[in-house]
Amino acid sequence: MSAPQVLVAMSGGVDSSVTAALAVEAGWDVTGVHLKLADTPGHLQVQGKGCCTLADADDARRVAGTLGIPFYVWDMAEDFQRAVVDDFAAEYAGGRTPNPCARCNEQVKVVGLLARARALGFDALATGHYARGEDGRLYRGADAAKDQSYVLYMLGPDELEHLRLPLGRLTKPEVRATAARLGLRTAAKPESYDVCFVPDGDTAGWLERRFGPRPGQVVDTAGRVLGHHRGAYRYTVGQRRGLGIAAPTPRYVLRVEPAAGRVVVGERADLAITTVELERTTTTDGRPLRPRHAKVRLRAHGTEVGCRVVPLEDTAPRGPGDLHGAPAHPHGTRVRLELDEPVDAVAPGQAGVLYDGDLVLGGGTVAGSGPADDRAQLS
Amino acid sequence: MTYLDYAASAPLRPEALAAMLPLLERPAANPSSQHVQGRAARAAVETAREQVAALVGAAPGDVVFTSGGTEADNLAVKGTVLARAPEARHLVCSAVEHHAVLDAAAWAEADAGAQVDLAPVDRLGRVELDRLAALLQPGRTALVAVMAANNEVGTGQPVAAVAELSHAAGAVLLCDAVQAAALPGVDMTADGVDLLAIASHKLGGPTGVGALIVRPGTALRPLIHGGGQERGLRSGTLPAAALAGFGAAAAAALTDRRTGATTTLTTLRSHLLAGLRTLAPDLEVNGEPGHVGGNGSTPNRNGVPSPSRPGLGLPGLLSVRFPGRRAEDLLLLLDRYGLACSAGSACASGAVTPSHVLVAMGRGPAEARETVRFSLGHASTQADVDAAVAAVAQALEVLAPAEDRKGSPARREVAP
């Protein structure tokens, strides 16, 4: 049997460089591809003809050359702009706080690229995510601090069957050591943080340049006006800084109401929630979610909390032998999570990911949250 | 491996290698030095100058050696602008010029007070003479830039007619002949070209050298200052070995021209197109690079004055669109199956970008992303064509059925 043909997504960073190197060491027939995701990064190129991340593409190309594998650059800027950047802005404009990395994985970098790789005859796609894919299931990466299973929760069994995650059992220091051992030029390259298309990390400023000022009021839970703001999109649930109000105790954003231009703030205690509703849920095994106990993570690097999973609709259990009736689609179900203990509120639009131990069960997008004794607040 | 990417860079001709080797092995010498080694290097440079001049119908003294076609275009555009008074810095460039021209003009607009107008092209990529004429501002237009033949689609331009219009308006004509220099019919004098840019490696010479041919009396300011070489228009020690290779390649191209190699290329290209059509009956040919699929008649140009000499397309170039197939995908597979060709236009990262040429010809960005450029040249054979068709057959087989991949591949709605 000939070696499997594997496409490796090479960003130009150390993680994907080592991924490609490990894929070559595994004896696979490896091809590298770098995705050009943006057209106009301010710090590169001239006169609008620019290429994104030119230095990153060069790093990826040099690593591919060192490894002796074919390498290509694919222009995915339009897909990225539409599916990630525009979506990011629209979500904020709607009062939600999106997770652009999950969205990018879903639409561009993993699921989209995997479909394209399969169409080109590749057997699999390998990426440098810190997560384990074993037996067609998705698990947390071995490096708890780097674990990226959270942003891959939307993968289903078809994708997981053809996705290779060579870094899943490694820690970041081990990855850097591997890069150094192999003489890869990216071994000591610094981490990238923040949202890649907001290079200075100033999301509020980025949104303001896009939308212009949309002034409104900062109010308390009783509707009293406490101050004014330049745009509701500048705020996210749980935010404490930048409220521009004087109060004896710290105030936190409880809700963002873009239609009314209002930002509702309250005390820390008002943030506590014990229920969360997820929409557009998916499962890694492709089966519908059933009532069960699980752990949920509501922020990329946040803590996890136990919860009771309560499917809300389209939950008629179908056994594997049930081939009749309406097709059992695992996606799109809404679920309510009843948390074992209160946590700080999480913004609508964030990902909620369900775990059973290290196993990723699936997840969805946070639609709303509320205190257990006031379900009416669930949006 | 089959190489059909001559328009990107042609393989080194044996004649060019043979001309370079003695100069590379010999003790180092500066062609400006007065000793015996210097004189020998200088003789090689001057022989090359004569060979290059002969290829394009110019006098040896008109040849200004540069680092390549890009520098030649930059010298022509910027050097002309800087030689003109600030109020006479109007430029007209065809919309399908190479970026070496368009970006130099953009620089002149941003940093040298120039004004730039782009002359539109028809669906074949041919500049529309009446619309170009309407853009000219007698007394103000300094330079008109219209290439001899386009690097992406191969369409030739009515250079002589453009020269007449330009001269009537008091402008000089820059003709970028980087792709077309080997063609019969590229003739500075006959076409009335004032500035002609060529590159060595497109002719089968080494990379790193090229030339701007400057008609005597054309006002031009230098961009590179120093030792005063090339009549002060381009300082810098002349690379004798590379220039000897350039000259030998130009001489070989001239021989090819006289022995009918152009006809051979046209034949090979029509075989390639016929083979591709059997694989993909829906493919579309971009541009009008000579006589593709036709009977040799010049295309109908309604309402456009007939040029005194029709433009000549590139006989070895074939730009085709495979509807529903991304060029990026095809190129990856063709590389795997041993065929080197290109998408026609790539940005600095190497990604395939929507070609400004195809967009100027009225193609949408998505259509432009589906275009693959095959380009044949001096060493191409029927066996290359056969291998290319076989590789494309394999690639299309993998990509079939095409309807699964129309538009974005990244559409997957999680919610049903």
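This is a predicted model: local features need pLDDT of at least 70, side-chain atom pairs count only at pLDDT 80 or more; totals for chains, interfaces and linings use all residues.
Let me begin with one residue pair in chain B: B:Leu143 stands opposite B:Val172 in strand β6(B), where pairing of two strands requires that DSSP finds at least two bridges between them, and where helices (H or I, at least four residues) and strands (E, at least two) are DSSP runs numbered from the N terminus. Residues are numbered from 1 along each chain as its sequence is written, and chains are lettered from A and ligands numbered from 1 in the order in which they are written.

Back to that pair, then. Strand β5(B) pairs with β6 (residues 172-176) of chain B in the parallel sense, over three bridges, and β5(B) also pairs in the parallel sense with strand β3 (residues 90-94) of chain B, there over four bridges.

Chain B as a whole has 13 helices and twelve strands, and buried residues make up 54% of its 416 residues. Of the contacts in chain B with a separation of 6 or more, 77% are between residues 24 or more positions apart, a contact being two residues whose C-beta atoms, placed from the backbone, lie within 7 Å.

Elsewhere in chain B, three strands form an open sheet in the order β9-β10-β12, with antiparallel pairing. Its edge strands are β9 (284-285) and β12 (371-375) of chain B, each of which pairs on one side only. Between β9(B) and β10 (residues 317-321) of chain B there are two bridges in the antiparallel sense, and B:Glu284 has B:Arg321 as its bridge partner in β10(B). Lying across β9, β10 and β12 of chain B is helix α9 (residues 261-279) of chain B, which runs at about 15° to β10(B); for such angles, axes are lines fitted to C-alpha atoms, for helices over the stretch in contact, and the angles run from 0 to 180 degrees between N-to-C directions.

Why is B:Asp384 classed as partly exposed? The residue sits in helix α13 (residues 382-399) of chain B, and B:Asp384 falls in that class because it has 19 other C-beta atoms within 10 Å. Leaving aside neighbours within four places in sequence, B:Asp384 is in contact with B:Thr2 and B:Leu4, and the C-alpha atoms of B:Asp384 and B:Leu272, which are 112 residues apart along the chain, are separated by 9.3 Å.

Turning to chain A, the secondary structure comes to eight helices and 17 strands, and 47% of the 379 residues count as buried. Residues 24 or more positions apart account for 65% of the chain A contacts with a separation of 6 or more.

How many of the twelve residues of α1(A) are buried? Eleven are, so α1(A) is largely enclosed by the rest of the structure. The buried residues of α1(A), among them A:Asp15, A:Ser16 and A:Leu22, pack against β1 (5-9), β2 (29-36), α2 (54-67), β4 (124-126) and α7 (172-181) of chain A. Helix α1 (residues 14-25) of chain A reaches 16 Å from its first C-alpha to its last, close to the 16 Å expected at 1.5 Å a residue, the expected span being 1.5 Å times one less than the number of residues. Just after α1(A), A:Gly27 takes a positive phi of about 90°.

Of the strands that α1(A) packs against, β2(A) is mostly covered, with seven of its eight residues buried. Strands β1(A) and β2(A) pair in the parallel sense over five bridges, and A:Val8 stands opposite A:Gly32 in β2(A).

Finally, helix α4 (residues 100-109) of chain A and helix α5 (residues 111-119) of chain A pack at an angle of about 15°, with their axes 3 Å apart. That angle makes α4(A) roughly parallel to α5(A), a label given to angles under 35 degrees, where over 145 counts as roughly antiparallel, 65 to 115 as roughly perpendicular and the rest as oblique. The contact involves A:Glu106, A:Gln107, A:Val108 and A:Lys109 of α4(A) together with A:Val111, A:Gly112 and A:Leu113 of α5(A).

Note on methods. A residue is buried if 20 or more other C-beta atoms lie within 10 Å of its own, exposed if 12 or fewer, and partly exposed in between; C-beta atoms are placed from the backbone.
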